[in-house]
Amino acid sequence: MSSEVAARRDAKKLVRSPSGLRMVPEHRAFGSPFGLEEPQWVPDKECPRCMQCDAKFDFLTRKHHCRRCGKCFCDKCCGQKVPLRRMCFVDPVRQCAECALVSHKEAEFYDKQLKVLLSGATFLVTFGNSEKPETMVCRLSNNQRYLLLDGDSRHEIDIAHISTVQILTEGFPPGEKDTHTYTSLLGSQPASEGGNTRATGMSLRFAAPGAEGLTQLKLTAGEDAHASRRQSTAWLAAMHKATKLLYESRDQ
């Protein structure tokens, strides 16, 4: 990929919306798949009372719109200003208590897991029915839209074209004594977590340009070095979190 194309993908611009300043991709097609669209605000005439505590709006009790859900609230129920990175806001924005709680939880993904995904990790990579894996570094692109695989060969996978993701783990789940493999599927609720388990790999199916049907890709954490294995495990755990956000984005 040329530096000019890469720069075009990562280019951003500052825009002003009714909710605040946003730093968004200059080209909409290269927007992050984790992003959320701004909601339509509930019209003022349709909300004479707070949609949480039912307080009547008047000269003293002013109405405010939550920037995440678009509903009307009084200042008491919508007084928190919290970062909302999934909508690319530059500054913290006003949110109701329920939305603020969700945004606080998502902040961990942007502060921790996203950095891990961008840094990348080394895996044994198998495409389709190939029996010979290739050692490759897998990382998320800067615009969060592509999985980049770099080894003897180079590949990129558009996140939007991934239909199924399976995070493979092994260990002892609660109440079990045998080793099992669990999967977390994009498009269905993730499997329950807990117990002494660890991520060992990831299998995904995606639509490759020019190919009929879906292509399968499997990443397996190697056993060559403790530090490398730990980095790969952290990357897989971060991808598990990203899978949940992708599922939520597609469901909205």
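With a relative accessibility of 5%, C74 counts as buried (under 20% relative accessible area with a 1.4 Å probe, protein chains only). Its sulfur sits 3.7 Å from the closest cysteine sulfur, the one in C77, and that's too far for a bond; a disulfide here is a pair of cysteine sulfur atoms within 2.5 Å. Keep in mind that this is a predicted model, where local features need pLDDT of at least 70, side-chain atom pairs count only at pLDDT 80 or more, and totals for chains, interfaces and linings use all residues. Residues are numbered from 1 along each chain as its sequence is written, and side-chain values use heavy atoms, with hydrogens and water left out.

So which cysteines do pair up? A search of the whole structure turns up one disulfide: C47 with C72, sulfur atoms 2.5 Å apart. C47 is in the loop between β2 (20-25) and β3 (63-65) while C72 belongs to strand β4 (residues 72-74), so the bond ties together parts 25 residues apart in sequence (strands are DSSP E runs of at least two residues, helices H or I runs of at least four, numbered from the N terminus). Both ends are tucked away: C47 is buried at 2%, and C72 is buried at 0%. C50, meanwhile, is in no disulfide, the nearest cysteine sulfur being that of C53, 3.7 Å away.

On to the space inside. Helix α2 (97-119) gives six residues to the lining of the largest pocket, the largest share; lining residues have an atom within 4 Å of a pocket point.

Conventions
Buried < 20%, exposed > 50% of the residue type's maximum accessible area, 1.4 Å probe, protein only.
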